[in-house]
Amino acid sequence: MNMDFKFELTRLLELIDAHLRKATPNATQSLQLNTARLSSKPIKDSRLENQNFWATKATIESARKQLASAPENIRLMASYISVIAHELDWYKKPNTVDDPEFHKNHFNAIIFGERGLATCEDLMLGVTVMHPHTMYPKHRHRPEELYIALSESEWWQPNQNWFAPGVGGTVHNPSNSLHSMRSAGTPLLAL
Ligand SMILES: [Fe+2]
């Protein structure tokens, strides 16, 4: 692990584990984040030349401003994301160039995983950032997903239509089920 971020990454994992334990105990039990081990990953050259970083930095800070009255654990998660943001390998969802608005307005980065700052056994944990008024196109994939919304946002699932989980709310997208998310007047930030 990049030793500079050992504290932030460890705390971030603890915060996520504690939050999910309360919000969605069943899913959390199978994740076993409390016993997961972080392992080192060599850090590549600074990502500061990555243009995606500069676009995300401003958006993350804008999302953090919206969290002034949010619970402390949520504010801390967002602040650790902000601290590590310049080392993350921000990328666009592949094959979205035919949707230029979406392509321009959203970014993903892996925190724990092969493309991340550390590995955490077989866990893949990432962060999604979207500018205001952006919709992530409906899609499906085999891996299931569990999100923590760190901003106001709306999410779509076939049985719920659009719904707002609220700041700190969790969203579970089962394997192969169609899903989507969108931001309104403020940026979307989610783990
Ligand atoms: Fe997805």
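How are α1 and α4 oriented to each other, roughly parallel or roughly antiparallel? In this predicted model, helix α1 (residues 6–23) packs with α4 at an angle of about 150°. Angles over 145 degrees count as roughly antiparallel, and α1 and α4 are therefore roughly antiparallel to each other.

**Helix α1 with helix α4**

- The axes of α1 and α4 lie 10 Å apart, at the angle of about 150° given above.
- The crossing formed by α1 and α4 is left-handed.
- From α1, the residues in contact are Phe7, Glu8, Leu9, Arg11, Leu12, Leu15, Ile16 and His19.
- From α4, the partners are Asn73, Ile74, Leu76, Met77, Tyr80, Val83 and Ile84.
- By class, eleven residues of the contact of α1 with α4 are nonpolar, two are polar and two are charged.

**Helix α3 with helix α4**

- Helix α3 spans residues 51–65 and helix α4 spans residues 72–84; the two pack at an angle of about 160°.
- The axes of α3 and α4 are 10 Å apart.
- Because of that angle, α3 is roughly antiparallel to α4.
- The handedness of the crossing of α3 and α4 is left-handed.
- On the α3 side, Lys57, Ile60, Glu61 and Arg64 make the contact, while α4 contributes Ala78, Ser79, Ile81 and Ser82.
- The contact of α3 with α4 comprises three nonpolar, two polar and three charged residues.

**The largest cavity**

- The count of cavities of 30 Å³ or more comes to one.
- The largest cavity holds about 40 Å³ of space.
- Its lining consists of Tyr136, His139, Glu145, Tyr147, Trp155, Asn173, His179, Ser180 and Met181.
- Two or more lining residues come from each of the strands β5 (135–139), β6 (145–148) and β10 (179–182).
- Strand β10 provides the largest share of the lining, with three residues.
- In terms of class, the lining has four nonpolar residues, four polar residues and one charged residue.

Note on methods
Residues numbered from 1 in each chain as written. Predicted model: local features only at pLDDT ≥ 70, side-chain atom pairs only at ≥ 80, totals over all residues. Heavy atoms only, no water. 1 Å grid on protein atoms, 1.4 Å probe; cavity = no way out; pocket = protein on both sides within 12 Å on 5 of 7 lines; lining within 4 Å. Points joined across faces, edges and corners; volume = space filled by probe spheres on them. Helix = DSSP H or I, 4+ residues; strand = E, 2+ residues; numbered from the N terminus. Nonpolar A, V, L, I, M, F, W, Y, C, P; charged D, E, K, R; others polar. Axes fitted to C-alpha atoms, helices over the stretch in contact; angles between N-to-C directions. Parallel < 35°, antiparallel > 145°, perpendicular 65-115°, else oblique. Left-handed = near helix turned anticlockwise from the far one by under 90°. Contact = heavy atoms within 4.5 Å.
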